[in-house]
Structure formats: structure tokens, C-alpha cells
Amino acid sequence: MPDAAPAPPTPPANPNVLAGEFVGLRRHLFWLAFKTGILTVLTLGFYRFWMKTRLRRWYWSAIRIGGIPLEYVGDPIEKLLGFLVAVVILAFYIGVVNLLLMFASFALFQGNFAAYLLSFLGVIPIWFYAQYRARRYVLARTRWRGLRFGLEPAAWGYAWRSLLYWGLTLVSAGLLWPLMTFRLEKYKTDRTSWGTARLTQGGRWTMLYPSAKWLFIGIVAGLATAVIAFSSSPDNALLPGLAAILVLPFGLVYYRVDSLRRLTETKKMQEITLKMRPSSLRVFGIYVGGYLFAGILLGLIMGLVFFVTIGAFLGTAENFGTDTFDPEILFQGNHPVLIAIGVATYFAVFLLWSVLMQTYVTMPIMRHYASVLELHGADNIKDIRQRPRDEHIEAEGFAEALDVGASI
Amino acid sequence: MSDALFPPARRDHHTGRFFDGIVPMPIKAEVWVDASQRALIIETTDITETWPLLDVRLIPDQADKARLVLRLHGDPLRRLVLPDHRLLPDLPHATRRAPVIQRSKLFVWAAAAVASVGLIAFVLVPLMADQLAEFIPPEGEHALGEVTLEQIRGALSENVDGVHFCTKAPGRSALDQMQNRLTQAMDAPPQLTVHVLDHPMVNAFALPGGHIVLFKGLIDKAADPEEIAAVFAHEIGHVVSRDPTRHALRSAGSIGVLGLLFGDFAGGAMMLLLTEQLIAAQYSRDAEAQADVFAYQVLQRAGISPAELADMFERFRSLGGEISGIEAHFMSHPALGDRIAQARAAVPTGFESRALLSQSQWADLQTICDQTSTFDQAQ
């Protein structure tokens, strides 16, 4: 019997450094996402708790550091339960508060705009609260080398800080965005643990300004476009306008990727640190390629459905002995077959879109991040021990009910 | 003892990695099946674990299909990682589901969630809306109606300035005469603002603050002015009971609550609209029936036969307004057949009607849309 333990494929030269890798295959993920997506549609959305759990299990098991994968141990039933708890609490808040706001808005402002604005504003703090709680749940259900991660319960503190820093960012016209990114990340990191070891976020918020350079160049180009278009002729604004349109999306991606790198490399857990060398260009390419591919594919499929439908109707018209086909009947909207085709197409497009986003955007980006990650100071891992379980009864229920929109 | 449940143990040993869930270091382990104990033996330099074969479970959805990750049923922490699947045939319950441990809790919360959403969307919100509608100041309500009217005019037309108002003066005065005849038959006539919109839809509706909108299509399809007056009286019924205002308040409360249930499922928005439509239909079935009853009384007192409403409904039906089955639940009006019968039954025996408009006035009303404007003097 050979004694070949499942060892990391290429052990790094320095045993103190653990390299990250991503081992999942796209076609496996495709089938998992497709299968669970169909079940979600067929169960009118109830299977989504199982779908999320299974997708996370797959992703987590695909990410390995030093050959040992993460493990996701979340349970779909606890997600469903958490969702129900959140619905009970939020139903009252949203139903009654919205109604009172609408009344006040009709009575005082003779319109419903004030009510929509206020009810939107009223949900924002709960939204941040839900975001933090969802993160706490996911971390509490994530393990590496058998040890749990954990996040301290401090969601309201996160909610008001988010409001404050978002406010500052808006008031400063975006100039204080790095401050918001840094402070909120520090709030979360400083409350995160792996086993008995606590993480700390080092660095300063000003270190994120270089990450924003392309964003600021894009904004300057945009402002220049506006100024030129108003002061001289719009023709002269074409070049800076084009530059702004090209640079701004890249600037956003560059900011996300580069700030992630800086924030990751300044995190510390006892003497353990992380190194990360992500490529913004690569991530940008994944976004552009993924959306283009998914868009073109879905466009082709919808075109095909359209022509097959018309063909089928031509066929039936012939069967009834009429040789003319009036395309108008397709748009009259009351035909039960057409309604069925319409509903089926809607769900199919929705399903396929989310599957393609998983396989051509989320997964490649995660694969890239995992493969450029390194853990330094691995010698210190052996002294860390397990932490107690965080029950967290309503799981990510608030985030689920409010559709906070975690990608997985 | 069944052979199928307990396959004969193989002599071969496997090498795996064991995580004890306390120390973050993988422990090299020798693993084999002990047939006599019907157990998986995991032996490391320090410890020996005995996992009953029936209790060994597979961790599903692994990205690395080559490896096997095992756990012990009832033990949340310990994991055994094997490099291949050779051991799998020895584990009869490897893919058995975890039991739902919080079953009763789950049912309680599910019932609570359904009950609270139902209670809030169907009881509390309508109740509050009915109460609050009484307290909205009339000028606020009127302005709200104007905003809604502008939205509807915009939504029904591709033009920038929306559907036009029909404003030809003789037609307008015929309409005013019709309005006077109806309001004089009421004890406390409400403040009304009546518009005719230049749109082929065969319909009419009431908006918050006493706005009543008649479409050109309705005037075109009506056989006589009395039929229009019947629909007019029905809409006044809505105004008197403040249905439009209550409806606006209700949907503000219920749409948010329902939105919670769907989350991001299939774009959520479509499901939400359908459900909201269903609820709105339930609300307004009562309101429609009440407005019909109101119309019978006013018409009768104004010397117009309530059967005119039946005639107009029959015209709706011949135009395809009658929908049955599942779709009927999404429509806010009670089945037309029932309403036609009720309207005919509301005509007292020996009822004598008085003429509403002269032939020339009726012709004027039919040509009210020969002159249109983006602004209605009626406002």
C-alpha cells in the first residue's frame, strides 16, 4: 500500500509560506448552478437556501491554501428559519411604517415621492445591519483546517458607521471614499477571528489613494468633458468623453482590486500575514468578457426562441388552411400558449443569466484571487485552537429578506 | 445481519489526513474497515478513532472530485480526508441527509411568518388605510389625484405631453349637465373634477381627491348618454367612499411586505406585481360592489334606469371584457354577468325614466374630442 497522503501539488520551497490555489472546474460548477437554479425556479424560490448552501460548499472546497481547502458548514434549514424570523420582524416594520409614511406624504407634501424617499432612507440602516449579520453568519460557518472563523456581534455599530462614512463620501463628492473603505474594512477585520487568533487591520486609510488613481483620472476626464461641452462645442468634448467612458469602469475595478490587495497585505493574525498579487487588468477582462459572452449567448437564445415561435405559428396557420400569417396575433398577449412561452422564456433567461454569471464572472475572479494569495508565517498556525460555535439563530435572514445581494 | 448493509471488509488500508477540529494541523492517519466491529478505524500516532460504518457521512458538493471528505454523524468537528474514493462502497449511509433537527421550530416560525405577512397585508394595512384616508386633508388628496392623473396620461401615450384632454365647449357643457343631474340626486354631493381623455380605451376611473376620468372609447361605444351617466354614477360612488385614496395607501403598505417574501428570486419584481395585483383585486371587489349599489340609487333618483349600467356592462362583455378562470382573480371587477343581473334587478317596477340629454347635446358630447388640449379647464 503506497503511503501517498493527499499532499499539495507543488509544496513551496519555504515551508513557512503557504500558496493559494483554486481547484474547481467550470463545468462542474455550471451543472451545480444549473441544477440548483432549476430547483429554485420550480419551488418558487424556496430551494434558494439549499442552492446558496451548495454553491458555497463548492466554492469554499475549491479554495485551498497550502493544499488544505476551506469548508463551508452552513445549513439550508437554518437559512430558511433565519429568513422566516426576519420576515416576521420586517413585515411589521415595512408594512406599517410605509403606510404611515405614505399618509404623512399625502397629507403634508401632496405626493408620494417624499414617502418613497423616506422609506428608502429608513431601510438603509437595516440594510447595513443585515450586511454585517450575513457576514457574521458566513464566517461562523466557514472553517479552515477544522477551525471556525468568527465575527463579533456588532452589527448596529457597523450600521451607523456605514451611514456616517457613506455620508462623508457623498458630501466630499467621493474624495473620502478611501476613508470609508478603510474604516469599514478595519471595523470588520478587527472583529474577525480564526480559531483563537484575532485578526487586525494595519495600515492607514490614506494608503488607498493610489488605488483610486484611475478612478480620479476618469472623473477628471468626465468633468473636463462637461466643461468643454458647455464652454466650446460638443465636438471638442468627444475625445475626453470617450476617455472618461473607457477609464471610469476600469478605474472602479482597479480600485476594488488594488484596495483589496492593500487591505489584505496589511492584515495580520498573530505573526501570520497575507500576500496578494492580483491583476486589475485580468479582473477587468473577466468582467468584460463574462458579460459580453453571457449577453451574446442569451441574445442568440432569445432570438432562436422568437423565430421558432413564429415558425410554429406559421405551421398551425397552415394546418387550419389559411395561407396568410398575421404577425399581429403574436402581440395580442392573450394567447395562452404565448403566455406560457413568455413565462418559460423569462425564467429560462433569468436562470441562464445567473448560471453564466457564476461560471464566467464569479468563479474566474475567485480563482484569480485564490491563485495569487500567499500566507506567510505558517509556523504560527500550530498554536491556534478551536473557538466555540456561534449559533446565530437568524443566520442571514435579514439580508435574504431585504435582498442585500451577496453574489453567493 | 444483511450482507448488503455490511459489505465484507477489505484488507487494504488507506492513508488519509485527519482533522480533530481542535488543533489546526492535519494528522496523518492510517484508515481501514474493521469488519467485526462494522466500523472505520482511524489510527494516528496518538489516537485511534472508531467510526461506525453506518454513521460515516460524505461532505457533498466538493470541487475536488478525486478526494473524499468524511465526517461522523453527530460530530460537528472531526473530518477525515482521503485521496480517492476506494472506501466509498464500504459506507452504506454516506449520502444520507442530515436530519432536520429544528423541525418544530421551523414550523412555528413558518406559520408565524405567513400569519404576520397575511395579517399585515390583508388586515392591518387595509384597516389603517381606511382609517387614515379619512384624515388626509382634501387639498392634499386633490393634489395627489392630479399627480396620479399626470402619470396615467404619460403612461398611456408615447407623446411627451401625454394623452390629451377633450375640451370642445358644447360637449363639455353637455357633460356638465349630466354631472348636475347626477349630483342633484345626492344628499351630499362630493367635490368633483371630471376629465375626458382622448384615448380609445373603453373605460373610466376615479382618482384620489374627486377626479373622475372618462375615456373617449367609452363615449364612442355607448349607445345613449344614459349609459355614460351610469358609469359616471358608479365612479362617483368610488369618490364618495374614498376608494382611490384608500387603495393608494393600501398598496404602499402591502407591496413592501410582500417584497420581503421573494427576495431576489427570479427578478422578484414580476412575482411581486402579480401578487400585489391579486391583493388589490381582493380589496376592490367589495368596493366595486358598493359603487354599483351607490350608482343604482343615484340613477334611480335622477330618473335614469339602473338597467343602463347593465347595458354598458353588456357592451364591455361583447368587447371581450369578460374573463373567467384564473385570470379573473387578477381582475379587480366582480364577474360582469353577476353585475348585469344585479343592475337589472335594481330597476323598480313601473319605473319611468326622464330624458337626460337632447339629441343635439348627445351629438355634442360625442364630438367632445374634436378639440383637445394638454391642459383641462376643469382643473
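**View 1. The side of chain B that touches chain A in a predicted model.** In this view, 62 residues of chain B are in contact with 56 residues of chain A, where contact requires that the C-beta atoms of two residues, placed from the backbone, lie within 7 Å. The elements of chain B that give two or more residues to this side are β1 (14–19), β7 (79–82), α1 (103–133), α2 (138–155) and α6 (243–262), with helices (H or I, at least four residues) and strands (E, at least two) taken as DSSP runs and numbered from the N terminus. The most is given by α1(B), with 15 residues. By class, the side of chain B that touches chain A holds 38 nonpolar, 13 polar and eleven charged residues, where Ala, Val, Leu, Ile, Met, Phe, Trp, Tyr, Cys and Pro count as nonpolar, Asp, Glu, Lys and Arg as charged, and the others, Gly among them, as polar.

This is a predicted model, in which local features need pLDDT of at least 70 and side-chain atom pairs count only at pLDDT 80 or more, whereas totals for chains, interfaces and linings use all residues. Residues are numbered from 1 along each chain as its sequence is written, while chains are lettered from A and ligands numbered from 1 in the order in which they are written.

**View 2. An annotated span of chain B, residues 106–129.** An unreviewed UniProt entry annotates residues 106–129 of chain B as "transmembrane region"; such positions are given in the numbering used here, feature names are shortened, and annotations may be inferred rather than shown by experiment. In the model, this span of chain B is 100% helix and 0% strand, and its end C-alpha atoms lie 32 Å apart.

**View 3. The crossing of α8(B) and α10(B).** The axes of helix α8 (residues 307–318) and helix α10 (residues 336–345) of chain B come within 7 Å and cross at roughly 160°, the axes being lines fitted to C-alpha atoms over the stretch in contact and the angles running from 0 to 180 degrees between N-to-C directions. The two helices, α8(B) and α10(B), are therefore roughly antiparallel to each other, a term for angles over 145 degrees. Among the residues that make the contact are Phe313(B) and Phe316(B) of α8(B), together with Leu336(B) and Ile340(B) of α10(B). The residues of this contact divide into eight nonpolar, no polar and four charged.

**View 4. Domain 1 and domain 2 of chain A.** Chain A is divided into domain 1 (14–70 + 279–371) and domain 2 (73–154 + 191–195 + 388–403), with bounds that come from an automatic or database domain assignment. Eight residues of domain 1 are in contact with ten residues of domain 2, and α2(A) gives the most to the domain 1 side, with six residues.

Methods. Angles under 35 degrees count as roughly parallel, over 145 as roughly antiparallel, 65 to 115 as roughly perpendicular and the rest as oblique. A crossing is left-handed if the near helix is turned anticlockwise from the far one by less than a right angle, and right-handed if clockwise.
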